[in-house]
Amino acid sequence: MNRNVSLKKLTLQDEFEIQGYWWLPEEPSEKFSGTLYSGEDAIYLDILESFQDLQSAKNKEGYEIIHGVTVTGDEVTLFDSFRDNFTDNKPGLSYEKIFSNYLIVGDHFENQEDLQFKGLELYSNYLTKWFNKCPFSLNRNEETSETTTTYTPPDVTSYYIESIKAEIKNSYNFNFQPSPHASIFKYSEFIKLTPDVRKGFEWFQDKLSSFQKLVSLMIGERFNYEKIVFLGEDENLGTEEKPLIRPKRYHLFISLKEGEMNEKLHSHKMLFTFPMIEDQFEEICDNWFARKENLRNVYSLHFSDVFNTSLNPENKFLNAVQSLEVYHRAMGYGKEIDDQRKDEILTNVQGKLKESITDDELEVVLGKLRHMNECSLNKRLKDIMKESFDEETIQYLFNSNKKAKSFIRKVVQTRNYLTHYGEEGNEKRYEGVELHFAKELLKVVASIVLFKECGIKEGKVLERMKNTFDLPQRVSYSKKRLRIDQ
């Protein structure tokens, strides 16, 4: 636990407890003592007395903005905050507990519309491993047997992402601390996102979430941010004689814990490292952000178990199935009837039945027919396999087209049973631990189609899947447990 330290020194994974004074921007003279601390599901603020007693906060359940200054001098803005608990200990002091979804360190913002920034820096130990630049090399002198370390700064490349009108640039920090005993090298890489024009908090929040999912797809595991820094207007950190112009920095803390970092995740365990897709990085990012509107729900469902490990096996399986179902619908795969013809049929039916049945009955009939264009889940999954995958991919995942169809049939029957409970109860379906292994194969299928949507060729994806750490074992074991390999 970090107590009464500067928030700027902490990461998103650090726990903290910091004292300070807190007030509402409408009534800056009414400052209350309180403690700001991290929780499992939010950032909490406990204050003595209560904002509820202030005229500007009466009859409100939440507070748009809360200002504060910590004992270390950090200026803090809490926003999207709500009252969690209020205790009136008359004749003692009132006590109020508030939870906030967002915390920005570095200034006092009057409202959320003021949260406009020039750019964003994203830090994570995962990024350093993902970039896999290896800037250090060891050199041994054969004559003296001395070993020296050489540092070669990595290339910094800017990529322009047309779909979001922004530049993405890889960058790095390198610190060298000499010591009589042992010199210490600290090296890390990060991403800098700079839109063409200043953008608001919601724009950056959307891009943060999308980029997090993209890198999670690339590495094959949940990608966590360690530090998020907004960039504001330039300021002089030096003197008039020796100016040092840098953008003002605002550190963002978000409510939900990112989870434990997997320190054992190294580049050789990642599905795709940056060097493997460096020549396509701009295209991949552009495709990912451009397709986000159509594939937003696909992204959310596919990564649901990655970012919410508490889901039970049934929900993980259902989300994996639905991600493919939604993908098929979003990408406009073959429809049963052309949309124009469907509208003509609806108009004809309405005209013919309008005089024969009641308005309520007619609405029921039309409601059913409006979905006539919807394919069955069985057809959707078969379409994806048939239209998206090469024969080699089918062989790798299912051994044959016949086994693939059998897998799809059981997936459909399982989905129907879990959705309707009792219907088709005698059909063959996956049960118990089989749900996990069926989910594993479904997620591999979804990963392949998402990689292809990014612009990575299927053959390259399949090659990496066959040669990436434990993924081949997971696929093989899933096939064995589901008796696909028999």
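**Entry 1**

The model I have open is a predicted one. I looked for such a patch and found one of about 270 Å², made by F136, F176 and F185. F176 belongs to strand β13, residues 166-177. I checked how open F176 is: its relative accessibility is 43%, so I noted it as partly exposed.

**Entry 2**

Next I went to strand β10, residues 136-140, and strand β11, residues 147-151. They pair in the antiparallel sense, and I have 5 bridges written down for them. Which residue in β11 is the bridge partner of S137? I traced S137 across to T150. The hairpin has 6 residues between the strands, and among them I marked S145, which takes a positive phi near 65°.

I kept going with backbone angles. N132 is not a glycine, yet its phi is positive, about 50°. I placed N132 in the loop between α1 (125-131) and β10. Its relative accessible area is 31%, so N132 goes down as partly exposed.

R483 is another non-glycine with a positive phi, this one about 60°. I found R483 in the segment after α15 (471-481). R483 comes back in the salt-bridge entry below.

I looked up S38 and found it in strand β3, residues 32-38. Is S38 buried or exposed? With 15% relative accessibility, under the 20% cut-off, S38 counts as buried. I then checked what its side chain touches: a polar atom of the S38 side chain sits 3.0 Å from the backbone nitrogen of F16.

**Entry 1: helix α2**

I went along helix α2, residues 201-219, which has 19 residues. From its first C-alpha to its last I have 27 Å, close to the 27 Å expected at 1.5 Å a residue. Why do I call α2 largely enclosed by the rest of the structure? Because 15 of its 19 residues are buried.

T419 is in helix α12, residues 401-420. Its side chain reaches back to the backbone oxygen of R415 at 2.7 Å. For helices in general I jotted down that there are 3.6 residues a turn, so residues three or four places apart point the same way. I also looked across the chain from T419: E314 is 105 residues apart from it in sequence, and their C-alpha atoms are separated by 9.9 Å. T419 has a relative accessible area of 42%, so I filed it as partly exposed.

I448 is in helix α13, residues 434-454. Its relative accessible area is 2%, which means I448 is buried. T393 lies 55 residues from I448 in sequence, and I get 9.4 Å between the two C-alpha atoms.

**Entry 2: salt bridges**

How many salt bridges does the structure hold? I have 25 in my notes. As a general point, side chains of opposite charge can pair when their charged atoms come close.

I started with E162 and K165, whose closest N and O atoms are 2.1 Å apart. E162 is partly exposed at 41% relative accessible area, and K165 is partly exposed too, at 39%.

Then I followed D305 and K439, which meet in a salt bridge at 3.6 Å, N to O. This pair links distant parts of the chain: D305 is in helix α6 (residues 304-307) and K439 in helix α13, 134 residues apart. D305 is buried at 11% relative accessible area, and K439 is buried at 6%.

Back to R483, which pairs with E434, the closest N and O atoms being 2.9 Å apart. Here too distant parts of the chain are linked, with R483 in the segment after α15 and E434 in helix α13, 49 residues apart. R483 is partly exposed at 42% relative accessible area, whereas E434 counts as buried at 14%. Last, I noted a network: salt bridges that share partners join D305, K439, E440, K443, D470 and R474.

Technical notes
Residues are numbered from 1 along each chain as its sequence is written. This is a predicted model: local features need pLDDT of at least 70, side-chain atom pairs count only at pLDDT 80 or more; totals for chains, interfaces and linings use all residues. Side-chain values use heavy atoms; hydrogens and water are left out. Two strands pair if DSSP finds at least two bridges between them. Helices (H or I, at least four residues) and strands (E, at least two) are DSSP runs, numbered from the N terminus. Patches are made of residues with over 30% relative accessible area and no salt bridge: like charges are joined within 9 Å, nonpolar side chains (Val, Leu, Ile, Met, Phe, Trp, Tyr) within 5 Å. Accessible areas come from the Shrake-Rupley method with a 1.4 Å probe; for residues, only the protein chains shown count as cover. A salt bridge is a side-chain nitrogen of Lys or Arg within 4 Å of a carboxyl oxygen of Asp or Glu. Buried means under 20% relative accessible area, exposed over 50%, partly exposed in between (1.4 Å probe, protein chains only). A polar contact is a pair of N or O atoms within 3.5 Å; within protein, one must be able to donate a hydrogen and the other to accept it, and residues adjacent in sequence count only if both atoms are side-chain atoms. The expected span of a helix is 1.5 Å times one less than its number of residues.
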